[in-house]
Amino acid sequence: PSQVSFTLELEFSCSVLLDRAEVTLEATSDSTEATPEDNLVHLSIPIRYEPDLFLSSDTNLHRYEVHPLGTFAPGPEFTTTVKVQNLGCYPVQNVTLHVALPALGHGRAPILSVTRVLAEDNATCTLRPPPEGTRVVPVPPEDLLRVDR
(Lines give C-alpha, C1' and ligand atoms only; values in the text may rest on other atoms or scores of the structure.)
Protein backbone atom coordinates (compact mmCIF):
# COMPACT_ATOMS: atom_id res chain seq x y z
CA PRO A 1 0.00 0.00 0.00
CA SER A 2 1.14 3.53 -0.83
CA GLN A 3 0.88 6.48 1.50
CA VAL A 4 1.09 10.15 0.63
CA SER A 5 1.37 13.02 3.13
CA PHE A 6 0.75 16.64 2.27
CA THR A 7 0.05 19.96 3.95
CA LEU A 8 -3.02 21.97 3.06
CA GLU A 9 -2.65 25.70 3.66
CA LEU A 10 -5.78 27.85 3.59
CA GLU A 11 -5.95 31.63 3.40
CA PHE A 12 -9.09 33.39 4.59
CA SER A 13 -10.59 36.68 3.51
CA CYS A 14 -11.20 39.59 5.88
CA SER A 15 -14.55 40.27 4.24
CA VAL A 16 -16.09 36.85 4.98
CA LEU A 17 -15.65 35.45 8.50
CA LEU A 18 -16.20 31.71 8.83
CA ASP A 19 -16.68 29.56 11.93
CA ARG A 20 -15.49 26.35 10.27
CA ALA A 21 -13.57 25.14 7.22
CA GLU A 22 -15.04 22.11 5.49
CA VAL A 23 -12.60 20.01 3.44
CA THR A 24 -13.35 16.84 1.48
CA LEU A 25 -10.43 14.75 0.22
CA GLU A 26 -10.81 11.87 -2.23
CA ALA A 27 -8.13 9.58 -3.60
CA THR A 28 -8.86 8.04 -7.00
CA SER A 29 -7.00 5.53 -9.12
CA ASP A 30 -7.33 3.83 -12.54
CA SER A 31 -6.84 0.43 -10.95
CA THR A 32 -9.49 -1.72 -9.30
CA GLU A 33 -9.49 -1.38 -5.55
CA ALA A 34 -10.85 -3.82 -2.97
CA THR A 35 -11.82 -1.14 -0.37
CA PRO A 36 -12.78 2.09 -2.19
CA GLU A 37 -14.86 3.26 0.82
CA ASP A 38 -11.74 4.41 2.69
CA ASN A 39 -10.65 6.70 -0.16
CA LEU A 40 -12.91 9.57 0.94
CA VAL A 41 -12.56 11.68 4.07
CA HIS A 42 -14.50 14.77 5.14
CA LEU A 43 -12.85 17.18 7.60
CA SER A 44 -14.62 19.90 9.54
CA ILE A 45 -12.10 22.23 11.18
CA PRO A 46 -13.02 25.07 13.59
CA ILE A 47 -11.46 28.42 12.67
CA ARG A 48 -9.97 30.73 15.27
CA TYR A 49 -8.77 34.14 14.14
CA GLU A 50 -5.61 35.59 15.66
CA PRO A 51 -6.07 39.12 17.03
CA ASP A 52 -3.64 41.89 16.09
CA LEU A 53 -3.88 44.21 19.10
CA PHE A 54 -1.70 47.28 19.60
CA LEU A 55 -1.37 48.81 23.08
CA SER A 56 -0.06 52.36 23.46
CA SER A 57 -0.01 54.99 26.18
CA ASP A 58 0.68 58.68 26.42
CA THR A 59 0.96 61.07 29.33
CA ASN A 60 0.80 64.82 29.83
CA LEU A 61 3.80 64.80 32.21
CA HIS A 62 7.05 63.01 31.44
CA ARG A 63 8.68 64.03 34.72
CA TYR A 64 7.03 64.03 38.13
CA GLU A 65 8.66 65.23 41.32
CA VAL A 66 7.94 63.45 44.61
CA HIS A 67 8.78 65.57 47.67
CA PRO A 68 10.36 64.20 50.87
CA LEU A 69 8.11 62.78 53.57
CA GLY A 70 6.38 65.51 55.58
CA THR A 71 6.37 68.11 52.78
CA PHE A 72 3.53 66.61 50.77
CA ALA A 73 1.51 69.01 48.67
CA PRO A 74 -0.81 67.98 45.85
CA GLY A 75 1.02 68.24 42.53
CA PRO A 76 -0.28 68.89 39.04
CA GLU A 77 -2.78 66.50 37.55
CA PHE A 78 -1.07 63.56 35.92
CA THR A 79 -3.11 62.26 32.97
CA THR A 80 -2.30 58.99 31.26
CA THR A 81 -4.14 57.79 28.17
CA VAL A 82 -4.07 54.08 27.37
CA LYS A 83 -5.25 53.01 23.92
CA VAL A 84 -5.99 49.49 22.72
CA GLN A 85 -6.31 49.24 18.94
CA ASN A 86 -7.29 46.28 16.78
CA LEU A 87 -4.97 46.50 13.76
CA GLY A 88 -6.32 43.31 12.27
CA CYS A 89 -9.39 42.93 10.12
CA TYR A 90 -11.12 40.44 12.41
CA PRO A 91 -13.35 41.68 15.24
CA VAL A 92 -12.14 41.16 18.80
CA GLN A 93 -14.55 40.92 21.72
CA ASN A 94 -14.29 40.79 25.51
CA VAL A 95 -10.79 42.26 25.82
CA THR A 96 -9.76 42.95 29.41
CA LEU A 97 -6.82 45.19 30.27
CA HIS A 98 -5.52 45.30 33.85
CA VAL A 99 -3.35 48.28 34.81
CA ALA A 100 -1.42 48.30 38.10
CA LEU A 101 -0.41 51.74 39.37
CA PRO A 102 2.62 52.29 41.65
CA ALA A 103 0.68 54.25 44.26
CA LEU A 104 2.71 53.59 47.41
CA GLY A 105 6.13 54.92 48.37
CA HIS A 106 8.51 54.17 51.25
CA GLY A 107 6.66 53.31 54.44
CA ARG A 108 3.51 52.73 52.37
CA ALA A 109 3.06 56.49 51.98
CA PRO A 110 0.63 57.29 49.13
CA ILE A 111 2.31 58.95 46.14
CA LEU A 112 -0.56 58.64 43.67
CA SER A 113 -4.33 58.71 43.90
CA VAL A 114 -6.68 58.15 41.00
CA THR A 115 -9.22 60.96 40.77
CA ARG A 116 -11.21 59.78 37.74
CA VAL A 117 -11.30 57.17 35.04
CA LEU A 118 -12.77 57.99 31.64
CA ALA A 119 -13.68 55.55 28.89
CA GLU A 120 -14.29 56.35 25.23
CA ASP A 121 -15.95 54.51 22.37
CA ASN A 122 -17.12 51.02 23.27
CA ALA A 123 -14.97 50.53 26.39
CA THR A 124 -15.96 50.27 30.02
CA CYS A 125 -13.44 51.20 32.72
CA THR A 126 -13.76 50.39 36.41
CA LEU A 127 -11.43 51.25 39.25
CA ARG A 128 -11.06 48.38 41.70
CA PRO A 129 -8.79 47.75 44.65
CA PRO A 130 -6.39 44.83 44.29
CA PRO A 131 -8.02 41.43 44.90
CA GLU A 132 -7.95 40.12 48.47
CA GLY A 133 -4.57 38.61 49.25
CA THR A 134 -2.69 40.60 46.58
CA ARG A 135 0.66 41.75 47.90
CA VAL A 136 1.10 45.46 47.15
CA VAL A 137 4.82 46.21 47.01
CA PRO A 138 5.75 49.83 47.82
CA VAL A 139 8.20 51.65 45.56
CA PRO A 140 11.57 51.76 47.42
CA PRO A 141 13.20 55.16 48.06
CA GLU A 142 16.12 54.40 45.72
CA ASP A 143 13.69 53.95 42.81
CA LEU A 144 12.09 57.31 43.59
CA LEU A 145 15.52 58.98 43.42
CA ARG A 146 16.27 57.68 39.91
CA VAL A 147 15.74 60.15 37.07
CA ASP A 148 15.12 58.76 33.59
CA ARG A 149 16.20 61.19 30.88
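Residues are classed by relative accessible area, with buried meaning under 20%, exposed over 50% and partly exposed in between (1.4 Å probe, protein chains only). By this scheme C125 is partly exposed, at a relative accessible area of 42%. The structure is a predicted model, in which local features need pLDDT of at least 70 and side-chain atom pairs count only at pLDDT 80 or more, while totals for chains, interfaces and linings use all residues. Residues are numbered from 1 along each chain as its sequence is written, and side-chain values use heavy atoms, with hydrogens and water left out.

Of the 149 residues in the chain, 7% are buried. Among contacts in the chain with a separation of 6 or more, 51% are between residues 24 or more positions apart, a contact being defined by heavy atoms within 4.5 Å. The accessible surface of the chain amounts to about 14,100 Å², and carbon and sulfur atoms hold 53% of this area, as computed by the Shrake-Rupley method with a 1.4 Å probe.

One disulfide is present in the structure, the criterion being a pair of cysteine sulfur atoms within 2.5 Å. The disulfide joins C14 to C89, with an S to S distance of 1.7 Å, and the link is left-handed, with -55 degrees about the S-S bond. Distant parts of the chain are linked by this pair, since C14 lies in the segment before strand 1 and C89 in the loop between strand 4 (80–86) and helix 1 (141–145), 75 residues apart. Both cysteines are partly exposed, C14 at 40% relative accessibility and C89 with a relative accessible area of 36%.

The second largest pocket contains about 300 Å³ of space. A pocket is here an open set of points on a 1 Å grid over the protein atoms alone, where a 1.4 Å probe fits, with protein on both sides within 12 Å along at least five of seven lines, and lining residues have an atom within 4 Å of a point; grid points are joined across faces, edges and corners, and the volume is the space filled by probe spheres set on the points. Its lining comprises 12 residues, with S2, Q3, V4, A27 and N39 nearest the centre of the pocket. Strand 1 (20–26) and strand 2 (40–46) are the elements that give two or more residues to this lining.

How values were computed: Helices (H or I, at least four residues) and strands (E, at least two) are DSSP runs, numbered from the N terminus.
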